[in-house]
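Dear colleague,

I am passing on the structure below, together with notes on what turned up when I went through it. Please read the notes with the structure open beside you.

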Amino acid sequence: MFTLTEEHDMLRDAARAFVQEKMPTAHLRAVRESKPDGFDRALWKEMSDLGWAGILIPEEHGGAALGYVGMGLVLEECGRTLAPSPLHSTALVGASALILGGTAAQKAEWLPKIAAGEAVVALAIDESAHHAPEKIKLDAKGRALTGEKKYVADGHVADLLIVAARDGGAVTLFLVPARADGVTITPLKTLDSRGAADIAFNGAKAEPLGGPELVDQVLDRARIGLAAEMLGQATQAFETTSEYLKTRTQFGQLIGSFQALQHRAAKMFVELELTRSCVLAALAALDENRNDVAEHASLAKARAGETLHLVSNEMVQMHGGIGMTDAADPGLYLKRARVAEALYGSASYHRDRYAALNNF
Amino acid sequence: MADGPGPQTSKELEEFRSETRAWLEANCPALMRTPMGEDDAVWGGRDWKPKHPEQKQWLDAMASKGWTVPTWPTEYGGGGLSPQENTILQDELRRIKARPALMSFGIWMFGPVLLEYGNEAQKKKYLPQIARGEIRWCQGYSEPGAGSDLAGLQTKCEDKGDHYLINGQKVWTSYANEADWIFCLVRTDTKVKHEGISFILFDMTSPGVETRPIKLISGASPFCETFFTDVKVPKENLVGKLNGGWEIAKRLLMYERTSISAGGFGGGAGALPIEEIAKHYVGVEDGKLEDRDLRARIAAHKMYDKAFALTVRRAQEMAKAGDNVSHMASMFKVAAATMNQEKTELIVEAMGNRALGWSGDGFTKGEILAPRAMLRAKGNSIEGGTTEVNLNVVAKRVLGLRDHQ
């Protein structure tokens, strides 16, 4: 379950090298200052040329078919430096939805564009302040969408929207080109500088995508993929903090020699190791097509949320005053952490879901 | 651990599985497939009197295959199984809900270090006795003045030419009053600390050995104070080098922490899942536990439990792939202690006043056990290295944080 293939090792090494060189945290700062899109289109093209946009996509549609474990490794590396790109929204969530639920025509139209980095896809789910897919109201009667979606990740830069809506009965997914009539996109400036959008639909024509079971399948993939990115964020936040403990001196001692900090660092390490197991197991569960994906997804997202919350707070605290400055990195990790913790369900949401899945 | 055969084909492993299944079917008595009661555990030893004949029958059957110690080499009474075969054996044992044939500090702690550090004569003498459950071992580590600071131990061991002479006191010696032999840390040089410790074995019936059980807050007395007054020990009972005991001691602690963690501190195969206990005592509304706050905390606990189990499995896979995972033992010990304390507290909370009984007929047997398990679990973060000591180990050896200069 946890053993990587040689192909996966190579993919991770390549991702690490690329991200560390071209997308260190300084890159996020540059995007924050000068790219209202929340990412750098030229770099996204380079990432796509490396094959990352098509990691999940079958070869016949221009992809590399390396599976969710492979996708998770790249997302983790991107998480380490907070590298902003539509990798999660498009290459993972968008591609998954089309691969699992798309007709032959829908796949042929969109998958090659996704693999080539030519189309950005956004999944529009939430309608209130909280993630609550079971309460979705957006109306899809007659395949025309009416209603509003909130905080759609990459909704402000999407070419294609995948929208969860209700046509009388169960919630299902629909495809709508972002520039279609009846779609009004309001960009949001967000805490993590990546941006998002509130989207209003007023009779926008939509194509159905898959059946009711697809909603959970796609959401669970979004959760697991985001958990992998969060694992990368938390791992780097911890390593950066750990290095600081080994260099900062107070009272004539390295601060890392104080037991109060040593024990907190050791506890963070334990939490990170446990969370890593949950994320890797969830990614493997997807590739192995197991029947307990939902449980794994809630476990991974909740654990990643809790761990990242802890580590991002400790990163600021252990850096002291420096951690409060905009010039230092802890603030960047803290801001992205809070966004990622909330997206696709908070730890609290997933604890509730885990209990329900276990019948209590 | 054993020099198992090389990589096995899935066909060979499937054959092993079907043979194992058939053998267990034929040899595991029906009674040994029922949930264990409080005092049903088999620890073996010279004075052991089986409660049921099936316990002896099951132990002897398993020992004849070497399956009380499946991965030890066959020449020392082991089963000589490869890790994959052992996984299959454990699967099949779980499948039929078999009770452990033998619980033993010899199996979990002493045997593994003797395989590594013992000489041939010692291995030939002691390991098969452990495998067959003939000799019950106890662990002479902690002393009144040497708990977390174990290397501060003072039990004196003097070289008297043809024998060693031991004087001193141990404490928290698990089941010393029921054990046949002890593996013991002793001071053989008083001028240095870690480099003056030796690892020695002796018979608990030797003249000058005395044990006194300690009553705990849970009401049980699993631990003893153990006194040594002019105990004579043959020279061949020293394991490893004179003054070389600390390395062995640490290695044994690693096995101890791993075995404590792997067992998840009891809980037992027959125990009900915590959410079922809570459903019974708290009640259910719309399919959900009525107390929503407790429900969320039980969910968080179960997720931690699952994360822990996945991490144990990941460590096993890493070890199989040749990665060094010894650093994980302290981490597992910390996590397992937290987890068991959390679990036993949640159970007491879920049971309300039904978990506040101590004895008598006003409560069921299970209700009486719940608070005792919670009280006993407080020791989980103390025994086998406190949580604080294990966090020190993680901070220093894993994260590379330094001591004060």
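Where the two chains meet, 34 residues of chain B are in contact with 32 residues of chain A, two residues being in contact if their C-beta atoms, placed from the backbone, lie within 7 Å. On the chain B side, at least two residues each come from helix H7 (274-282), strand E10 (288-289), helix H8 (292-320), H9 and helix H11 (387-398), and H8(B) gives the largest share, with 14 residues. Helices (H or I, at least four residues) and strands (E, at least two) are DSSP runs, numbered from the N terminus. Sorted by class, this side of chain B holds 19 nonpolar, four polar and eleven charged residues, where Ala, Val, Leu, Ile, Met, Phe, Trp, Tyr, Cys and Pro count as nonpolar, Asp, Glu, Lys and Arg as charged, and the others, Gly among them, as polar.

Before going further, please note that this is a predicted model, in which local features need pLDDT of at least 70 and side-chain atom pairs count only at pLDDT 80 or more, while totals for chains, interfaces and linings use all residues. Residues are numbered from 1 along each chain as its sequence is written, and chains are lettered from A and ligands numbered from 1 in the order in which they are written.

Helix H9 of chain B runs over residues 328-351, and its 24 residues should span 34 Å at 1.5 Å a residue, which agrees with the 34 Å between its end C-alpha atoms; the expected span is 1.5 Å times one less than the number of residues. Just after H9(B) comes B:Gly352, with a positive phi of about 60°.

Turning to chain A, its secondary structure comes to eleven helices and nine strands. Its radius of gyration, taken over C-alpha atoms, is 20 Å, close to the 21 Å from the globule rule for 360 residues, so chain A is as compact as a globular protein of that length; the rule is 2.2 Å times the number of residues to the power 0.38. Buried residues make up 55% of the 360 residues in chain A.

Within chain A, A:Ser96 lies in helix H5 (residues 87-101) and is buried, with 26 other C-beta atoms within 10 Å. Leaving aside residues up to four places away in sequence, A:Ser96 touches A:Leu56, A:Val218 and A:Arg221.

With best wishes

Note on methods
Buried ≥ 20, exposed ≤ 12 C-beta atoms within 10 Å, placed from the backbone.
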